[in-house]
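This briefing treats a protein model by topic. Please consult the sequence and the structure alongside the text.

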Amino acid sequence: MQSKGAVKLFAILLALVCLYQLSFTFVTRGVENDAREFANGDPAKEKAYLDSINTQEVYPLLGLTYKKCKENEINLGLDLKGGMNVTMEVSLVDLIRSMANNSNDPTFNKALVNAQAAQANSQKDFVSLFVDEFQKLDPNAKLAAIFATKELQDRINFNSKNEEVKAVIQKEANAAFDRTYQILKTRIDKFGVTQPNVQKLGNGRILVELPGIKEPDRVRKLLQGTAKLEFWETYDNRDVIPMLEEANKVLKLIVSTDSSLASVAPIAIDSATIIPDTLKSAALEPDSTSADTSKKSLMSQLSDDKKDTASSDTSNANKSFEQFSKENPLFAILQPSTQPSQQDPNQREYSKGPAIGSSFVKDTAKVNKYLEMEQVRSKFPREFKALWSVKPIDKEGKVVQLIAIRMPARDFQAPLDGSAVVDARKQKGQFTDNWEIGMTMNAEGARVWKRLTHDNVNKSIAIVLDDYVYSYPNVIQEISGGSSSITGQFSLEEADDLSNILKVGKLPAPARIVEDTVVGPTLGQEAINSGLLSFVIALILVLLFMVSYYSNAGLVADIALFANVFFIMGILASLGAVLTLPGIAGIVLTIGLSVDANILIFERIREELALGKGIRLAISDGFKHAYSSIIDSNITTLILGIILYIFGSGPIQGFATTLIVGILTSLFCAIFISRLIFDWMLGKNKDIRFWNNATKGAFKNIHINFVGKRKVYYAISGTIIAAGIVAFMFKGLNFGVDFQGGRSYVVRFDKEIPTVQVIDALKGPLVKAPEVKTFGASSQVKITTTYLIDDQAIDVEQKVSEKINEGLKTIPGYTYTVLSSQKVGPTIADDIKSSSVWAILVASILMFIYIRIRFKKWQYGLGAVVALLHDAIVVLSFFAIFNGVLPFSLEIDQAFIAAILTVMGYSMTDTVVVFDRIREFVGVHHHAGDQKKIINDALNATLSRTINTSLTIFFVLLAIFIFGGEVIRGFTFALLIGIVIGTYSSICIATPIVVDFSKKQNI
């Protein structure tokens, strides 16, 4: 083997990288096990334990904290750990109406209505749909006549073309999408969820994943709530400090010592300033406040056991701090804002400005609780309230500031809200190179703004969104005319964010939930258990098969297989990929596929040995002759994996990611790791055997006339497809909510329950009888309904959930638990159907192109594509035939499409190996007259590899089918059928097609 040294070096480096990436998971699992032992079944105690060591070093070798290790561990999908997965769609209707100043133009309003209707069946963005519908209604109408408003006069005039207006609308739509994304991120950060994920999906959609959520209705309301932008007057820190001291004294009397004390971090103060546009040359110096860095971080201990392990210095410090916290319960978790004294820089004094203190994010709820106590609240004026800053003030993102807000005494409402802002934009300063935000208000807003700035010269005005302070700039002087500039040391990103936030009132873009999945923790743990069990059983089956069939050479394949699994997990960890239950299925399937390359190599080596070659030469030639088939088959499967990743979403992308990584690592392990081990064994003169007495003559002297019987195979396939069509006409297919829209709920009862009883209980509350099917055990059902699926109200999920519970509670003698729920809106369902069709079409076209290029004859490409489509249709036919017959769900959903594409990938792998052997035989025997005999010989020569690989993968899938859990049983059933059909079609369909279309020319 050439470049053996480079291969060894790469393998060692890859192993070290994987070990490094997986080490974070090992460390966090160890810490979490300690937390569970300490908590002894108390979730609150377990969370407190983990919070307390969040910033402690737990990985001494690398000096990393628990938080840092947690960020780098393997992420589990929501189907494995429970939680909520939401897809939100940004509605641009309100935005466009607002840009047009709520125009009454009938063409404009009709175009909006038509665009909303068209959106359900189109892949175009909403702005394009709106413009298309507008031009359809009146080809001569001009958008400029509607959008040439005072606010947009610098970008749109009455002579602007429709395309120019469309570009302006699209730009504002993109900004609104970004703004909604930022608002959602901020709201989600406040949920206190571990490892939340917020991701832009494009086409106006945002994915939100929230592990461990226990109140989904509350989350839905918070995510869909209208953004509330307000401007508030503020108190000065020095005025509030005496009140805080009084509050601290009261708390000393009523609050006992808290066990989870936090260390204090440095403080930074918002340094923005407001000046009128007409006075941009005025002083731009930010408020002169500085950070408090004088206090020392002290870590509290959760138990006497933990204290015993601490050093004496830490113990003494903790005792000192615990004493301080008893005397000052408020100041133990809220550090007052201070600055260096002007008289003595070594001393500190209370700083100027509205920031009255800083706290760790995890302590903010406790500070709020203290300040809301009736005895404490009495120490502050009625006009006082405190809000937290949205942006952390430290580099690690752990500390936020508390801002003192002064409410108007007359009504306690914000004197000014976001509706007053007509425009906000980032811009360069007139006399500086700094970024600033230009802000323009309407007439009423300008009037209030003038009064507000007049009353607050040299004070701060807080800009608040959803009760979080985004900025609190100082007012230089009264501002009239409604045009202002907010200046300060803004970065480009900060200026973008703040200008976007200021547009919330004028340019609303509400986000609505269009897809929603909730998985309970019970179902998540069951998924982990079933996934791991199927993985272990599949692994054992493959290991035993390889050793029993290929003797000690099978051990080499087993070692390569272990290396492959290790590399897959390490690479997934380094990519930050999310491991889902379909992802585990992908790993298990990769176990089966990874032995395919080894089987190809071993069968070629056996052929070389049968020709009388020595073991060293046989191994060398066997690897050499197998390379072409291995590379071709894996490239085609890789292409399908990439297509699945592009067109899939959520768990399906997890499956595709695992499959892609698995294909690449399988190639490396089979070709290089196995060869390195064989070379080492040859160097040590070890005995290498590729068979035993039982398998030495397997699949020899077989002469099946595959080509001659091709019409029989056509008839068999035709019969199955015809039966599928008849079944479809009479029974149809069981389309899941992915394809037709709706809601589904998995409900577990305490004992066996007839589905008719559930239907009868629900058809009243849900108006129309839902579909109810047994899901796994006879005590578990899946309820599917389209009740209120088109309702866009914020509380619609709660309404439907209440109706479901209302019906289920009427079933006498049963208790139940809702394990999971899923909602798919009509637009999402349409997109899923469309992307599924495109995925299969694109896969077929790419396969044809690759095979055409690789084998240089279009007949091979046609044979491969016909076999692919044949496999998809036959699997679909089996789903139609067995729909309602088998005791498990045969839904047509995203997972089914993933199964179809996986089957196509396997079928293509098999077909390429067969074509490769045909090409080889035809090349060697090209002078022979009977090409059909040559093709039959080639097909018979591949039987050992084809059957061994198919059996291996079949038993692997059987393990997943039996032990993998109900959630993926339909998915694995499709794969089981597909493996059998794919093996059959590669020999009995693809090759005959090539023969029949090559009658007038040589193959």
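In which helix is the place of M729? M729 lies in helix α22; helices (H or I, at least four residues) and strands (E, at least two) are DSSP runs, numbered from the N terminus. The model is predicted: local features need pLDDT of at least 70 and side-chain atom pairs count only at pLDDT 80 or more, while totals for chains, interfaces and linings use all residues. Residues are numbered from 1 along each chain as its sequence is written, and side-chain values use heavy atoms, with hydrogens and water left out.

**Confidence of the model**

- The mean pLDDT of the protein is 80, and 88% of its residues reach 70 or more; pLDDT is the predictor's confidence in each residue, from 0 to 100.
- Over residues 257-273 the pLDDT is below 50, although this stretch has 73 contacts in the model beyond near neighbours in sequence; contact means heavy atoms within 4.5 Å.
- Residues 275-317 also have a pLDDT under 50, and the model gives them 81 contacts beyond four places in sequence.
- Where pLDDT is low, the predicted coordinates should not be read in detail.

**Nonpolar surface patch**

- I725, V726, F728, M729, F730 and F735 make a nonpolar surface patch of about 670 Å².
- Patches are made of residues with over 30% relative accessible area and no salt bridge; like charges are joined within 9 Å, and nonpolar side chains (Val, Leu, Ile, Met, Phe, Trp, Tyr) within 5 Å.
- Accessible areas come from the Shrake-Rupley method with a 1.4 Å probe, and for residues only the protein chains shown count as cover.
- Helix α22 (residues 710-731) supplies the largest share of the nonpolar patch, namely five residues.
- M729 counts as exposed because its relative accessibility is 64%; buried means under 20% relative accessible area, exposed over 50%, and partly exposed in between (1.4 Å probe, protein chains only).

**Strand β14 and its partners**

- Strand β14 (residues 399-406) is mostly covered, with seven of its eight residues buried.
- Strand β7 (residues 229-234) pairs with β14 in the antiparallel sense over two bridges; two strands pair if DSSP finds at least two bridges between them.
- E233 stands opposite R406 in β14.
- Strand β12 (residues 355-360) pairs with β14 in the antiparallel sense over five bridges, and F360 stands opposite V399 in β14.
- Strand β13 (residues 384-388) and β14 are likewise antiparallel, with five bridges; the bridge partner of K385 in β14 is I405.

- Strand β18 (residues 461-465) and strand β19 (residues 468-471) pair in the antiparallel sense over three bridges.
- I463 stands opposite S471 in β19.
- The hairpin has two residues between the strands, and D466 takes a positive phi near 50° there.

**Surroundings of Q199**

- Q199 is found in strand β5 (residues 197-202) and counts as partly exposed because its relative accessibility is 33%.
- Not counting residues up to four places away in sequence, Q199 touches Y181, R205, I206 and L207.
- Q199 and K185 are 14 residues apart in sequence, and their C-alpha atoms are 9.2 Å apart in space.

**Salt bridges**

- Side chains of opposite charge can pair when their charged atoms come close.
- A search of the whole structure finds 37 salt bridges, each being a side-chain nitrogen of Lys or Arg within 4 Å of a carboxyl oxygen of Asp or Glu.
- R451 forms a salt bridge with D455, the closest N and O atoms being 3.8 Å apart.
- R451 and D455 are separated by about one helical turn because they are four residues apart in helix α16 (residues 443-455).
- R451 is partly exposed, at 35% relative accessibility, and D455 is partly exposed, at 39%.
- K763 forms a salt bridge with D760, with 3.5 Å between the closest N and O atoms; K763 is partly exposed at 41% relative accessibility, as is D760 at 44%.
- E797 and K823 meet through their side chains in a salt bridge (3.5 Å, N to O).
- This pair links distant parts of the chain, 26 residues apart: E797 is in helix α25 (residues 796-808) and K823 in strand β28 (residues 816-824).
- E797 is buried, with a relative accessible area of 6%, and K823 counts as buried at 4% relative accessibility.
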